[in-house]
Structure formats: C-alpha cells, structure tokens
Amino acid sequence: MTDLKPWEAPGAGMPTKAQLEYQQRRQLGIFCHFGINTFYGKEWSDGTLDAAGFAPTARDCRQWVAVAMEAGAAHIILIAKHHDGFCLWPTATKAYSVASSPWRGGKGDVVGELAEACRAAGLGLGLYLSPWDRNDPDWEHDPATYDARYIEQLTELCTSYGPLVELWFDGAGSEKHPYDWDAIMHVAAEHQPQAMIFNMGRPTVRWVGNEDGLADDPCWYTVNAVGKSIYDDSHEPLPGGDRYLPPECDVAIRRHWFWQPDDLGTLKSVNHLLAIWYRSVGLGANLLLNVPPDRRGLIDDHDAARLREWAAALRERFASPMPARVSQEGTRIVADFGGERTFDHLVLREHLDEGQRIWRHRVLDGRTGDVIVDGVRTVGSQRVHAFPAVTTDRVVIEIDVPAGALDGVEAYATGVEAPPGLETQPRFMSEKIDRAHVG
C-alpha cells in the first residue's frame, strides 16, 4: 500500500451524472470512418478529391447498426466530416458534401440515415466533426470566418438528427488555428447538453494517449491540466486534479481507419481484440473500436464476422457471474460468495459518485490469506483481474484509502486466462502526425 492520496488534492475532480452514465453504460462504441477517402484508397486527403467519387453501391446504415449491436456496442460514432472537409450530410455551408456526389442523385444524407437506423434500434449516436478542414481556405487565412462556418455546421448536426451521445473533436492539425471554443461549446451546451465532449473545447472525455486502444495502470480519471494536452511529458494522467475526465481508447480493427481494399491481412485476431478489451474496458476505460464501412457502404463481411467471434468469446467468458455480498471496514473490503466457489476472474466496480478514490489495491484469499492479485493500482468503473483458478468462499480487497468503496464484486469461472501479450501494430497515424488526437 502507499501513502499517496491524490483524491485529497484541493478541488479533486467530481463526475457528473452524464459522465457516470457514459462510464457505466457505454463501455464499448463503434467508430465508423466513412467518406470521400473510402473511395480513393486514402487515409488522409487534402480536400481536393472529386466529390463525384463518393458512390456507395449498397449503403445500408441498418447493417452498420446490426453489426454494432451484435458486437455489444452501446453507440456508434460517425465521421460526419474528416480533415478533408467532405461532409456526409447536405450542409448549407459548403458544396463539398454528399450533395455534390452522384449518390442518391445528390439528395443523400448519410448522417440522417444512420440517425434513423440508430433510433429504430435504440442505439446511441455520436458524431465526429473535424475542426481542421483542408478544403476550406478560410481555416488558414481567415480563422474568424471559418469558425462561424464551423459553428453553423455543428449547429446543423446538433439540431437536425435527434439526441447525440457524444461529440468528437479530433485535435489533428489544429495546433495552428485559434478556435473560438466558447462559441463552439455554446452550441453543444444549448442543443446537446447530455452529449459527452471528446478531447477539445470543454471536454468531458479525454483521449487515452495512443491509437492502440490501450489504457494503463493507474487509469486515473482526474487531471490537473487541460488545453493542448492533459498529459505530462510521460503521457501519464496527473492525479488529484480538478477535472474529472475519464479516458476513451480508440483503435482500428485493421491497420487503417478508412476501409482499404488491400489490408485484410491486418485484421486483428480475436486474441488481439480480447487483449485490447482487457487493457481498456478491463482497466476502467471506455473502448471505441473503428470498424469502417467499405465501398459498398456496408461493414466488410470479414470485419463483421471477426466482431461476432470476439463478442461471442467475451459473452462466453462472462456469461455466469458469481456475485458477492460486500462489506467494508476501513481499508479492508470483504466479498463473501456465500459458499465455496472456484473462479479465475474477478470484476471489481468502484463507487464513483463522489469521485475516484482507490489508487492502489490488492486481492487476498479471505480463507487462507494467500495473495491472488498484487501490484495493481486503480479500480474505476470496472477492473477485471484474471489469474490461475482459486477455490474459496470469500476474498479480501485491501485498498489504500478508507474513503474508497466498491459498488460490486463478481467472480467468473472462464476456464481461460487473459491474453498473455498484445501483438502491437504500428501507430501509423501517430507516426504521420505526432499526437494525432491531441488538440
């Protein structure tokens, strides 16, 4: 145990009801990169690709939603406008949009069709609107004019498509532009006050710091700085701060974010996806997994099948919880299973209503005193521990601060251990633009 008590810092961050809802009920989202780049084999483009190239042949947002729900996702976040400036809705602010494409005779609206499909299925919808717009010369030469146009675009999205669960503001390329974030955030607060705000403006969710989908231990929710980056030079969150900002882990199911015809070989294995889940959701972070529609306008069959395999593996592991009755005295929490149980996983959930408190903990066999899990730190919204199977009727969780508490403890007999390692793929976007998602 340690004497470090970051929660005791003056003004330590407290969560809002919306943040707790996000952490507890929206642990997995599906990211959909789809746009002009999809049809030209590009990851990044400069706003000069011909809009006539946007021509999905069988686009069906209902299929996207069905795949997301089969994967166990709570929401989809669509790239409504990427850095190239091409808009997936018929915006009144510019010509570079689906309205200038041959798709549906220029009358199509991808955002609208996805919003309708999400509503019908009860799936949450979030939208990504890139602040950086390489198609708009005012972005560089007349920031005030550009910001007014950007605010109009955000207003269209916030007022035309129903409730949104998240607004995603990517920081890539934006180091040189002084946005009017007060005015931009006013739109979000007025029209979509319940939406999580990712990364920029007045964020309520922060970038985890990499594009591999990996959180770290400690997975701390409060920071003492915001702005260009909420990380120090070692990319560690700074505990004890006055801002409660839980992390979101974004990662692509293949090497690329937009669908590419030649990268099927980079499709992540089930074990790789499981390892990502343990290192994101299993550490108390939220996971945003990119699964891009192809040139038909559908989720690729291989990607959909891999998602189903992964979801089935998770369901099988966590299908039969063994809940415990939890009691606490000071820094000692006893989880009593009401009889002897054999298990190889424990899921701990921290009580977060007054903020995150547990900085370090360990798990002991309550009958023998043997150490089951040691050398770990935070618990957060969900902490998943995997270990060789033990048989006991209770466990003891020792925490470092008496103000910490757990809302629940569950044991599982999965018959498997957590993936031993992660076949990490290159951070290709981070190599191209340093800290691509940090504003």
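Predicted model: local features only at pLDDT ≥ 70, side-chain atom pairs only at ≥ 80, totals over all residues.
Local features here need pLDDT of at least 70 and side-chain atom pairs count only at pLDDT 80 or more, while totals for chains, interfaces and linings use all residues. Numbering runs from 1 along each chain as its sequence is written, and side-chain values use heavy atoms, with hydrogens and water left out.

**View 1. The buried side of helix H6 (residues 181-191).** Trp181, Ile184, Met185, Val187 and Ala188 are buried (under 20% relative accessible area, with exposed being over 50% and partly exposed in between; 1.4 Å probe, protein chains only). They sit on the same side of H6 because they cover an arc of only 145° around the axis, taken from the directions from the helix axis to the C-beta atoms. An α-helix has 3.6 residues a turn, so residues three or four places apart point the same way. The buried residues pack against helix H5 (143-160), strand E4 (166-168) and strand E5 (196-198); contact means heavy atoms within 4.5 Å. Helices (H or I, at least four residues) and strands (E, at least two) are DSSP runs, numbered from the N terminus.

**View 2. The E12 and E13 hairpin.** Strand E12 (residues 325-329) runs antiparallel to E13, joined by 5 bridges; strands pair if DSSP finds at least two bridges between them. Val326 has Ala335 in E13 as its bridge partner. The hairpin leaves 2 residues between the strands, and Gly330 in the turn has a positive phi of about 65°.
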